[in-house]
Amino acid sequence: MKLRNLLAGIACLTIAPLCAQQKPVYLDETKPIEERVEDALQRLTLEEKIKLIHAQSKFSSPGVPRLGIPEVWTTDGPHGVRPEVLWDEWNQAGWTNDSCVAFPALTCLAATWNPDMALLYGKSIGEEARYREKDMLLGPGVNIYRTPLNGRNFEYMGEDPYLASRMVVPYIKGVQSNGVATCVKHYALNNHEINRHNTNVVIDDRALYEIYLPAFKAAVQEGGTWAIMGSYNLYKGIHNCQNPYLLNDILKGEWGYDGVVVSDWGGTHNTDQAITGGLDLEFGTWVDAYDNYFMAQPYLQRIREGKAGTKELDDKARRVLRLIFRTSMSPKHTFGSMNSTEHYEAALRIGEEGIVLLKNKGGLLPIDLSATRKIAVIGENAVKMMTVGGGSSSLKVQREVSPLEGIRNRVGDKAEVVYARGYVGDVSGGQDGVSTGQDLKDTRTPEELIAEAVQVAKDADYVIFVGGLNKSWGQDCEDMDRAGLELPYAQDRLIQALAEANPRLVVVNVSGNAVAMPWVEQVPAIVQAWFLGSEAGNALAAILTGDVNPSGKLPFTFPAKLEDVPAHSLGDYVSERRKDTVNVEYKEGIFVGYRWTDKQKKVKPLFPFGHGLSYTTFEYGNPMADSKSMTSDGTLTIRVNVKNTGNREGQETVQLYISDKKSALPRPIKELKGFRKVRLAPGEEKEVQFTIDREALSYFNDQRHAWIADPGKFEAIIASSAEDVKGKVAFDLLEAPASSQVPY
Ligand code: BGC
């Protein structure tokens with residue numbers, strides 16, 4: 001593990017005479033980074049600069065051994081640190097000391113609506129990455145949830161740009177406090193997986209700036225991410241890893257980004273565009289040798305032949321050097337730690353805070369163990385390991401507690417816990433040489449499995465069905481989308497049968513995506529459990545038994561049917577694999593998720609964005625603003641009292657949406673612009689405050705290429721979900737002097 005440091009040390013010895021006289025500036029940790037960068041840059045040969053900007057192995061780039069500048073080691077990302085792989089292979093290397101803690105998937109993190117959880121997540125996973133001597137974590141992902149079919153939604157933070165922005169910033173800060181760079185991905189418009197290499201997204205500027213870019217912008221300007229990964233798809237006909245509009249004009253131009261643009265693995269397609277299009281570090285290109293990467297020998301040759309200059313090369317090398325001085329050559333990096341008690345605790349807490357109680361008719365949950373004799377647990381997902389699979393985020397974990405184990409551990413001898421499989425889904429259990437070690441083969445027919453499950457469920461005090469999706473290809477998995485909104489493997493039939501057999505049924509849906517629930521009326525309690533990582537079963541058991549009061553809220557809308565999603569109803573989603581370039585027009589524009597539901601008026605979602613119940617109840621007072629108006633350079637504070645009116649402690653996320661009553665361009669009915677999670681003891685009441693400024697009122701005016709807040713009437717809406725409005729306050733934005741309007 002320490003080989004890299006050893007090599008860097010040996011290299012330093014070779015320049016020891018130099019060190020002895022006077023430490024070169026680039027090695028002097030007391031010097032500002034920019035001075036170190038410039039000093040190192042002018043020492044590099046042309047060939048060394050070229051080497052610096054492309055991979056030498058599947059996940060590393062070479063650094064400059066002659067100068068003791070270390071390699072850059074990257075790792076997936078984003079839910080745990082990927083096992084070591086062979087030098088030039090995806091397959092794991094078979095180490096026995098690289099098992100990690102799996103943290104809950106990013107959808108779960110977003111569902112906590114708690115930036116403190118994002119900071120804890122980032123700090124913890126950053127420590128794991130640092131311990132494994134990684135300089136860059138390939139994540140987090142902030143692509144917007146546009147369709148519930150996207151196989152990678154579980155790696156992202158939901159449908160709302162404001163929520164994703166508030167959650168990504170602390171994640172980045174937590175990771176980077178260890179001296180490990182985040183590589184925020186996939187920039188940009190990678191909102192589905194099918195045809196990901198050949199989808200050309202056609203989109204208007206408003207949707208681009210208002211919906212799909214804000215979380216990346218926040219990652220850059222507020223999070224200060226040191227790396228960003230370009231996405232596979234195209235925009236304006238150019239692949240995004242070499243796309244001058246996205247990378248030069250917006251990212252490095254408008255946002256002033258000084259970090260590294262990393263290609264997604266195999267996302268670079270041609271040397272000339274890579275040189276001028278804004279790419280800095282090339283990884284994963286599908287050629288026979290690292291020297292044949294687009295930014296390797298072909299680049300060098302162009303420079304030697306005078307067909308390319310060195311201006312771009314210097315800029316790229318500078319950015320990679322900056323990355324190295326920020327990470328492995330920074331005096332501030334930590335030693336890190338792995339599989340610590342603290343990391344398991346973090347994984348557990350995040351899981352507990354992210355699980356969403358969708359429905360709880362008659363207060364069926366929490367399980368009352370004092371009056372329970374028998375609990376029937378049904379379903380493959382109650383036993384299946386979910387940390388292996390799904391694509392590049394697949395992990396090798398030190399341990400993973402399944403839902404069944406978690407429930408059994410918690411219930412102990414207070415009640416009998418019986419299990420039936422119910423359905424057979426994915427029994428493969430392996431990826432890149434990592435195997436779950438589980439043998440899930442079962443040759444029974446669905447009828448036999450259902451009959452057994454019904455038998456087991458009949459006389460139970462509670463039936464806990466744990467199903468949903470899994471990480472196999474075509475479900476919540478990279479490189480493919482789901483075929484439909486329905487649950488796979490005949491689960492709907494099974495759930496109907498269970499509901500008929502026993503009314504005390506709880507359905508736990510494990511997924512990173514919305515699913516159809518045709519049985520929603522027949523099932524009294526429904527829990528959205530996500531992919532919860534190492535502590536999955538313990539987190540779930542804590543919620544089911546009421547040890548922890550649920551406080552997660554949905555980070556995306558659950559539509560009642562696929563046609564309620566504009567990406568599908570407007571007909572621009574391509575569901576078959578294609579070889580040619582496929583134009584996908586985002587015809588719905590800015591109306592994504594609840595923005596579309598609001599616009600449609602008649603369309604009721606199955607469960608709205610921001611929805612999540614608790615075992616206690618909350619009462620909201622009337623929201624008040626501290627003024628009837630605000631000036632464009634001022635602020636406005638909105639206050640609302642929230643009271644816990646039940647008999648157990650709980651947390652509520654108070655949501656602030658802004659509604660623009662009249663604007664020059666069409667706007668959504670309302671948009672999330674604030675949220676606060678408050679913990680309240682029984683009977684306790686707290687005031688929640690939001691202070692907004694003009695940014696919360698602005699939209700992107702594509703004609704003027706600027707964020708504009710039109711003076712006039714607005715409403716601050718206080719809500720418990722996008723569909724559960726608790727109160728509104730009207731206010732005016734007063735006329736602003738034109739000079740105070742900011743671009744971008
Ligand atoms: C994925 C990235 C990932 C990379 C390296 C790509 O296929 O899109 O998210 O970081 O592989 O594993």
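1. Two strands are counted as paired if DSSP finds at least two bridges between them. Helices (H or I, at least four residues) and strands (E, at least two) are DSSP runs, numbered from the N terminus. By this criterion, β21 pairs with strand β29 (residues 724-733) in the parallel sense, over two bridges. Within this pairing, Met-630 stands opposite Leu-733 in β29.

2. On the basis of the note: this is a predicted model, in which local features need pLDDT of at least 70 and side-chain atom pairs count only at pLDDT 80 or more, while totals for chains, interfaces and linings use all residues. Residues are numbered from 1 along each chain as its sequence is written, and side-chain values use heavy atoms, with hydrogens and water left out.

3. The pairing of β21 and β29 belongs to an open sheet of five strands, whose order is β21-β29-β28-β23-β24 and whose pairing is mixed. Its edge strands are β21 (629-630) and β24 (671-680), each of which pairs on one side only.

4. A further open sheet has four strands in the order β8-β7-β5-β18, again with mixed pairing. Here the edges are β8 (238-239) and β18 (582-585), and each pairs on one side only. Strand β7 (residues 234-235) is joined to β8 in the antiparallel sense over two bridges. As to individual residues, the bridge partner of Tyr-235 in β8 is Ile-238.

5. Cis peptide bonds deserve a separate point. The bond from Gly-139 to Pro-140 is cis, with omega near 5°; Pro-140 is placed in the loop between β3 (136-138) and α7 (161-176). The bond from Lys-185 to His-186 is also cis, with omega near -10°. His-186 lies in a strand, namely β4 (residues 181-187).

6. Trp-530 has a positive phi of about 60°, although the residue is not a glycine. Trp-530 is found in the loop between β17 (525-528) and α18 (536-545). Is the side of the chain at Trp-530 buried or exposed? Trp-530 is buried, with a relative accessible area of 1%. The term buried means under 20% relative accessible area, exposed means over 50%, and partly exposed lies in between (1.4 Å probe, protein chains only).

7. His-705 is likewise a residue other than glycine with a positive phi, in this case near 50°. The place of His-705 is in the loop between β26 (699-701) and β27 (706-708). With a relative accessible area of 26%, His-705 is partly exposed.
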